[in-house]
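Let's walk through this structure together, one region at a time. Keep the 3D view open as you read.

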Amino acid sequence: MLYRHQHGAISLFWVATGSVALAALAMAALFSMRYERNLFAEGAAKLGKTVTASGAGKVIDSAKQAVGEASGKGDGQMRKCVINGKTVISNTDCTPDNRTSKVIQIHDTKGIEAPKKPPLEQAPAGSNPMLDKMIEKQLR
């Protein structure tokens with residue numbers, strides 16, 4: 001019996017492994033787009049050891065910074081700026097020295113209101129003869 005072996009060709013196992021890896025990368029890209037994060041940049045930062053503080057440390061630092069700015073450092077104007085690739089509207093996070101910061105005017109509105117219902121028409125003082133006949137039939 002003569003057996004033929006593939007030499008130098010990619011086996012089915014490696015094709016399946018490559019397909020799984022490609023699908024995982026595509027899913028990570030879709031999830032990062034959905035949640036407005038860049039998972040690839042975050043992963044590269046973790047691999048490169050450029051992350052200096054833990055997630056909890058970052059939250060505490062940003063909370064301290066926000067409290068400090070709100071206590072008198074901010075000028076109270078609402079600004080629109082880009083922070084970490086996201087558009088932010090804030091009076092504390094968007095500082096005047098940020099080059100993407102723009103002062104915006106806030107106008108109070110009622111928003112979109114539902115259309116008002118027309119006033120109900122009052123029935124005439126007399127009764128409806130058809131309605132009276134229907135009531136009499138039901139009572140019999």
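**A walk from the helix to the sheet**

Trp14 counts as exposed, because its relative accessibility is 57% (buried means under 20% relative accessible area, exposed over 50%, partly exposed in between, with a 1.4 Å probe and protein chains only). Before going on, note that this is a predicted model, in which local features need pLDDT of at least 70 and side-chain atom pairs count only at pLDDT 80 or more, while totals for chains, interfaces and linings use all residues. Residues are numbered from 1 along each chain as its sequence is written, and side-chain values use heavy atoms, leaving out hydrogens and water.

Trp14 sits in helix 1; helices (H or I, at least four residues) and strands (E, at least two) are DSSP runs numbered from the N terminus. Which residue makes an aromatic pair with Trp14? Rings of Phe, Tyr and Trp (its six-membered ring) pair if their centres lie within 6.5 Å, and planes under 30 degrees apart count as stacked, over 60 as edge-to-face and the rest as tilted. By this rule there is 1 aromatic pair. Its members are Phe13 and Trp14, edge-to-face, with 4.9 Å from centre to centre and 75 degrees between the planes. Phe13 is exposed too, because its relative accessible area is 55%.

Both residues also belong to a nonpolar surface patch of about 640 Å², made by Ile10, Leu12, Phe13, Trp14 and Val15. Patches are made of residues with over 30% relative accessible area and no salt bridge, with like charges joined within 9 Å and nonpolar side chains (Val, Leu, Ile, Met, Phe, Trp, Tyr) within 5 Å. The accessible areas come from the Shrake-Rupley method with a 1.4 Å probe, and for residues only the protein chains shown count as cover.

Now follow helix 1 along its length. After helix 1 comes Glu36, with a positive phi near 55 degrees.

Arg37 forms a salt bridge with Glu42, their closest N and O atoms lying 2.5 Å apart (a side-chain nitrogen of Lys or Arg within 4 Å of a carboxyl oxygen of Asp or Glu). Arg37 is partly exposed at 43% relative accessibility, as is Glu42 at 31%.

Finally, an open sheet of 3 strands has the order 2-1-3 and antiparallel pairing. Strand 2 (86–90) and strand 3 (102–103) are the edge strands, each pairing on one side only. Strand 1 (residues 79–83) is joined to strand 3 by 2 bridges; strands pair if DSSP finds at least two bridges between them. Lys80 has Lys102 in strand 3 as its bridge partner.
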